[in-house]
Amino acid sequence: MTDIFVQKQHGGEPKVSGWAAGIDVGGTKTLICIGTAERQVVVRHKFPTVHTKDVHFFFERLFGELEYCLEQAGLSLEQLKGIGIGFPGMVDNDSGTITHAPAIQWSSEDSMHKNIRSIIAQRYSGRLVLDNDVNMAALGEQWLGAARGLRHVMMVTVGTGIGSGLILNGELYKGAAGGAGEMAYWIAGEEQARQAAEQKGTGEFGVFESLTSGTAITRSVKSALASGIPGMHMIRLVEGDRDKVGARHVLQAAAEGDIEAQTILEPALAHMAMALTNVISLLNPEMIVIGGGVAEDNTYYLDEIRQRVTLWTDIPCTIVPAELGNEAGAIGGLATILGSTVR
């Protein structure tokens, strides 16, 4: 099943100075956006991510979906100024390689150390920008979302996993090896340092992620229920099926004042607030944008983060929810081609 939305133009066809495609490849869903240099997104197309070990087949299917989108807009690949693609992993735009990407099921021998650019070049020869999905989301929020026009921004996504992107002095900051913002691997204490050392080289998700992500919160509530807490408020939210209680039910119950839910959520909140306080002290961003399923439409989570950060630092920083939702990464892909950020 796929979803496609084509924005109809009104009042005659406007003059368009350039077209681009932005693609966000997620662990379960992929989103393609076709947009203009005038910051108009005219086509949105969401479909299940192709899970295959064959990277060539993956891009064959991806470009098939892209060409379908372009047909809906009356365009062709040749009319695009470029394509920006975000992936869930560490991406080297120059070499076209992806590492630290457990959500992508490509064979490591076939893809993780192979130049993806050369594979895409078989189908498209125009400008191509490859990056981490959260970096793309940060650019999307700066180009068309909550941080529009700001020059010093951190984007944090809190969902199944944890990620962040940094925009400093108006440009995306990636670090020496493209690993800047990989907060999933941050260390949050002596015990976490020991775990991190044990996990090094195993391909496991990072220790900070295991404490603060939606997956971590779900694991915590299941453990608490198994240990005997009543959890009646959370269980009511799933109509009595305690096996279905997850992170979003903890967040909803906490927002509604349930003490058990608030207690379960506390470690994730505390670790995230400490991490963001350290970032504010180190980088002094104007704004931290928080997106992802955990923070989405939940004022309790953001309010608790803000209160802790305000207690721990006097350096001003606005902490706001993301505006673009799950479109941020694909819109960031558009921004890499059509925006002013130097790549």
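Rings of Phe, Tyr and Trp (its six-membered ring) are taken to pair if their centres lie within 6.5 Å; planes under 30 degrees apart count as stacked, over 60 as edge-to-face and the rest as tilted. The structure is a predicted model, in which local features need pLDDT of at least 70 and side-chain atom pairs count only at pLDDT 80 or more, while totals for chains, interfaces and linings use all residues. Residues are numbered from 1 along each chain as its sequence is written, and side-chain values use heavy atoms, with hydrogens and water left out.

By the ring criterion, the structure holds 3 aromatic pairs. A pair of aromatic rings is described by the distance of the centres and the angle of the planes. The ring centres of Phe58 and Phe59 lie 5.1 Å apart and the planes meet at 85 degrees, so this pair is edge-to-face. Both Phe58 and Phe59 are buried, where buried means under 20% relative accessible area, exposed means over 50%, and partly exposed covers the range in between (1.4 Å probe, protein chains only). Ring pairs join Phe58, Phe59 and Phe87 into a cluster.

For Trp186 and Phe208, the ring centres are 5.8 Å apart and the planes stand at 50 degrees, so the pair is tilted. This pair links distant parts of the chain: Trp186 belongs to the loop between strand E11 (171-173) and helix H5 (190-199), whereas Phe208 belongs to helix H6 (residues 207-212), 22 residues apart. Helices (H or I, at least four residues) and strands (E, at least two) are DSSP runs, numbered from the N terminus. Trp186 counts as partly exposed because its relative accessibility is 28%, while Phe208, with a relative accessible area of 2%, is buried.

The chain as a whole contains 12 helices and 13 strands. Of its 343 residues, 51% are buried. A contact is defined by heavy atoms within 4.5 Å; among contacts between residues at least 6 apart in sequence, 64% join residues at least 24 apart. The chain exposes about 16,000 Å², of which carbon and sulfur atoms supply 50%. These areas come from the Shrake-Rupley method with a 1.4 Å probe, and for residues only the protein chains shown count as cover.

Charged side chains were examined next. A salt bridge is a side-chain nitrogen of Lys or Arg within 4 Å of a carboxyl oxygen of Asp or Glu, and the count by this rule comes to 6 salt bridges. One of them joins Glu266 and Arg308, at 2.4 Å from N to O. Glu266 lies in helix H10 (residues 259-283) and Arg308 in helix H11 (residues 299-312), 42 residues apart, so that the pair links distant parts of the chain. Glu266 is partly exposed, with a relative accessible area of 32%, whereas Arg308 counts as buried at 12% relative accessibility.

Arg308 also meets Glu304 in a salt bridge of 2.6 Å, N to O. Arg308 and Glu304 are 4 residues apart in helix H11, and are therefore separated by about one helical turn. Glu304 is buried, its relative accessible area being 16%.

Helix H4 (residues 133-144) has 12 residues, which at 1.5 Å a residue should span 16 Å; its end C-alpha atoms are 16 Å apart, which agrees. The expected span is 1.5 Å times one less than the number of residues. Because 11 of the 12 residues of H4 are buried, the helix is largely enclosed by the rest of the structure. Among the buried residues of H4 are Asp133, Glu141 and Trp143. At the start of H4, a side-chain oxygen of Asn132 reaches to within 2.8 Å of the backbone nitrogen of Val134.

Thr97 lies in strand E7 (residues 97-99) and is buried, with a relative accessible area of 19%. The side chain of Thr97 makes a polar contact with the side chain of Ser95, at 2.8 Å. A polar contact is a pair of N or O atoms within 3.5 Å; within protein, one must be able to donate a hydrogen and the other to accept it, and residues adjacent in sequence count only if both atoms are side-chain atoms.
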